[in-house]
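Please read the following walk through one protein model with its sequence and coordinates open.

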Amino acid sequence: MLKQRIITAAWLAPLMLAGLFGLSGNAFAGFTAAIVLLGGWEWTNLAGIAGLARRLGLAGVLAVAMVLLWGGGATQAAWPLWLGLAGWALNLYWVTHYPDRLGQWSTTPRRLVMGVWVLLPAWVGLNVLRETGAIWLLFVLLLVWSADIGAYFAGRAFGRHKLAPRVSPGKSWEGVLGGMAATLFLALVFAFGQGLSPVEAVLLVLTTLAVALVSVLGDLLESMLKRHRGIKDSSGLLPGHGGVLDRIDSLTAALPLFALLAPGVI
C-alpha cells in the first residue's frame, strides 16, 4: 500500500501543481471543473446511486450547472459562496446530531442536493481565489494540509477527548487544537512574508483559525456519509489514496469560507 501511495503521489502532485498554478482563466476553470466532476461522480455513490448510466447522467447534470455558472459569471460572484456557507451550517447540524437526525438527510435525493452545496461553491471558491492571485490559493491549500498534519500528530500524541465518536472515532479535540496551532504558525509566516500590517495580520490569523475549524467539518461530513453507506473510501480512482473526495473533503468546506473572508485580508 505504501508503494502504491508513493507511485500515485509521484504523478498526481506535479499534475495538480501545474494545473492549479500554471493555468488561469478558462483553462483553470476547466481543470478544476474536471476535479470537481470526479468528486461529483463519487458523490453519486455516497448518495446511494447504483448503475453506470444513472451516475454518468447525474455527473452530466453537475457539468451543465458548472457551465451555466461559468457562462453567467457566477464564478466571480458571492452568492454561490453564501449558498455553500448556508449548506455547511446544515451539515454541521447533521454531523453533530448523527445519527439522531438521520431521517432529515439520508434519502438519495437529499444527499444529491447536499452534494450541490458542497461541490459547486468549492469550485467557485477556487476560481475566486485564483483571480485574487496564486499566493492566496496556495495559502488556503497549505492551511488545510497544515490543519490535517497538525491534527494527525497532535491527536496521536495527546488525543484523549473524542471529537465526534459516532461519526469518526479516531478524531479528538486535541487533534483539532494541534491543527489550529499549525495553521496559526502558517498564518504568522504568511503575514510576515507578505508584509501585512498589524491589523491585516490579525485579520489573517482570525480568518485562518475559522477556516481551519470549518475544514474539520468537511472531513467529518464525508466520514458520516461513508459510514452511512458502509464504505471505506469514496472510490478507488487514486490507488493507495482512495478517491478524489477523500483528498479534497476538507477543502470543500474551507474554500467557500476563505473566499468570502479573503477580501478583508488581501
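**From a loop serine to an aromatic cluster**

Ser106 counts as buried because its relative accessibility is 18%, where buried means under 20% relative accessible area, exposed over 50% and partly exposed in between, with a 1.4 Å probe and protein chains only. The model is a predicted one, in which local features need pLDDT of at least 70 and side-chain atom pairs count only at pLDDT 80 or more, while totals for chains, interfaces and linings use all residues. Residues are numbered from 1 along each chain as its sequence is written, and side-chain values use heavy atoms, with hydrogens and water left out.

Ser106 is placed in the loop between helix H4 (79–96) and helix H5 (108–132); helices (H or I, at least four residues) and strands (E, at least two) are DSSP runs numbered from the N terminus. Once neighbours within four places in sequence are left aside, Ser106 is in contact (heavy atoms within 4.5 Å) with Arg111 and His228.

Elsewhere, strand S1 (residues 162–164) and strand S2 (residues 168–172) pair in the antiparallel sense over 2 bridges, pairing being assigned if DSSP finds at least two bridges between the strands. A hairpin joins S1 to S2 through 3 residues, and Ala164 stands opposite Ser168 in S2.

Turning to the rings, a search of the whole structure finds 7 aromatic pairs, where rings of Phe, Tyr and Trp (its six-membered ring) pair if their centres lie within 6.5 Å, and planes under 30 degrees apart count as stacked, over 60 as edge-to-face and the rest as tilted. One of these is the tilted pair of Trp136 and Phe190, at 6.2 Å centre to centre with 50° between the planes. This pair links distant parts of the chain, since Trp136 lies in helix H6 (residues 134–158) and Phe190 in helix H7 (residues 173–193), 54 residues apart. Trp136 counts as buried because its relative accessibility is 5%, and Phe190 is buried with a relative accessible area of 11%.

Phe139 and Phe258 also form a tilted pair, at 5.6 Å centre to centre and 35° between the planes. Phe139 lies in helix H6 and Phe258 in helix H9 (residues 244–261), so this pair ties together parts that are 119 residues apart in sequence. Both Phe139 and Phe258 are buried, and Trp136, Phe139, Phe190 and Phe258 form one aromatic cluster.
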